[in-house]
Amino acid sequence: MSEGLEKDISGKAVDTGLLLKVYNLIKPYRHLFYISVGITFLNSVVGPAIPYAIRHTIDEEILKIDSNGLRLWTGIILGLLLAQGALTYLQTYLTNYLGQNAIKHLRDKVFNHILNFKSKVFDNTPIGTFITRTVTDVERVADIFS
């Protein structure tokens, strides 16, 4: 019976329940999330513009032997490359910052929850069990952010 259940869960392309839980973790940082999504879209525009600019430079400026146009389009290509590098750096920085803060928030919530257990729970269960289970579960969620 459990094999059938595992097939249903692993066969899902998108688990909306899990996505909602992850979104709840990043809610305090949603402005950073939206900024990083916007940067991703900007980067997806700048990326394809570079080969287009190179094609234009070769087909139009070099073949027509236009030195002023060649300087202009070389500057445009360099500007696009610098913009792509800056956008990629900023996107990586923001998403890593967002992920680390969300994981810190999750760890704080889990450990505060464990600290509020009654002392009888700690008498019956070794503390290592709590720590191992907590660390492995939180690291699985951290894998989503990385």
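This is a predicted model: local features need pLDDT of at least 70, side-chain atom pairs count only at pLDDT 80 or more; totals for chains, interfaces and linings use all residues.
Ring pairs join Tyr89, Tyr93 and Tyr97 into a cluster. Residues are numbered from 1 along each chain as its sequence is written, and side-chain values use heavy atoms, with hydrogens and water left out.

Let me begin with the rings. Rings of Phe, Tyr and Trp (its six-membered ring) pair if their centres lie within 6.5 Å; planes under 30 degrees apart count as stacked, over 60 as edge-to-face and the rest as tilted. Across the whole structure, a search finds three aromatic pairs. In one of them, the ring centres of Tyr93 and Tyr97 are 6.3 Å apart and the planes lie at 15 degrees, so this pair is stacked. Both residues belong to helix 4 (residues 67–115), four residues apart, about one turn of the helix. Helices here are DSSP runs of H or I, at least four residues, numbered from the N terminus.

Buried means under 20% relative accessible area, exposed over 50%, and partly exposed in between (1.4 Å probe, protein chains only).

I turn now to helix 3. Ile62 is found in this helix and is partly exposed, with a relative accessible area of 45%.

Thank you for your attention.

Definitions and conventions: Helices (H or I, at least four residues) and strands (E, at least two) are DSSP runs, numbered from the N terminus.
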